[in-house]
Amino acid sequence: MTKNQIRSHHHCVYKITYHLVLVTKYRRKCFTKEILDRLQEICKDICEKWDIGLIEFSGEQDHIHLLLDFHPSAQPSKFVNNLKTVSSRLIRRDFSDHLAKFYWKPVMWTRAYCLLSAGGAPIDVIKQYIENQEKPTE
């Protein structure tokens, strides 16, 4: 799937792109390269199950960024909650010894997340396009 590909679903065509940022609980710098690599695999698998394209993935020691290609029937809040739940469970299982240094409870992500619409034309360009539509004179 390419970054600018327009997709179709039932009776619509669409391009819905989101930038998702997930942050570790207490902003703990607990991610290693190995954990980030595993997180990328987990996120890719979850996206495939939801029919959501994972365009880009990256992260630092205390957060990750995902660029996602959604479809109209996907509910972003349910997807994010599922992604956080599953990834937390699997990472805590696979890296329990390492994460025990940072967390004494079974947690990994903060409750909050950042989800931003992304891509396409800037809002000003779209607004100008709509304003310049030829209206009927009669």
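In the predicted model, D37 and K33 form a salt bridge, with their closest N and O atoms 2.9 Å apart. Both residues belong to helix α1, and because they are four residues apart there, about one helical turn separates them. K33 counts as exposed, at 63% relative accessibility. D37 counts as partly exposed, at 35%.

A further salt bridge pairs R38 with D94. The closest N and O atoms of this pair are 2.9 Å apart. D94 is partly exposed, with a relative accessibility of 32%. Through shared partners, salt bridges join R38, E41, R93 and D94 into one network.

By the rule applied, the salt bridges number seven. Another of these connects K29 with D62, with 3.6 Å between the closest N and O atoms. K29 lies in the loop between β3 (16-23) and α1 (33-49), and D62 in the loop between β4 (53-59) and β5, so the pair ties together parts that are 33 residues apart in sequence. D62 counts as buried because its relative accessibility is 6%, and the cut-off for buried is under 20%.

Strand β5 (residues 63-70) contains D69. At 0% relative accessibility, D69 counts as buried. The side chain of D69 makes a polar contact with the side chain of K15, at 3.4 Å.

Notes
Residues are numbered from 1 along each chain as its sequence is written. This is a predicted model: local features need pLDDT of at least 70, side-chain atom pairs count only at pLDDT 80 or more; totals for chains, interfaces and linings use all residues. Side-chain values use heavy atoms; hydrogens and water are left out. Helices (H or I, at least four residues) and strands (E, at least two) are DSSP runs, numbered from the N terminus. Buried means under 20% relative accessible area, exposed over 50%, partly exposed in between (1.4 Å probe, protein chains only). A polar contact is a pair of N or O atoms within 3.5 Å; within protein, one must be able to donate a hydrogen and the other to accept it, and residues adjacent in sequence count only if both atoms are side-chain atoms. A salt bridge is a side-chain nitrogen of Lys or Arg within 4 Å of a carboxyl oxygen of Asp or Glu.
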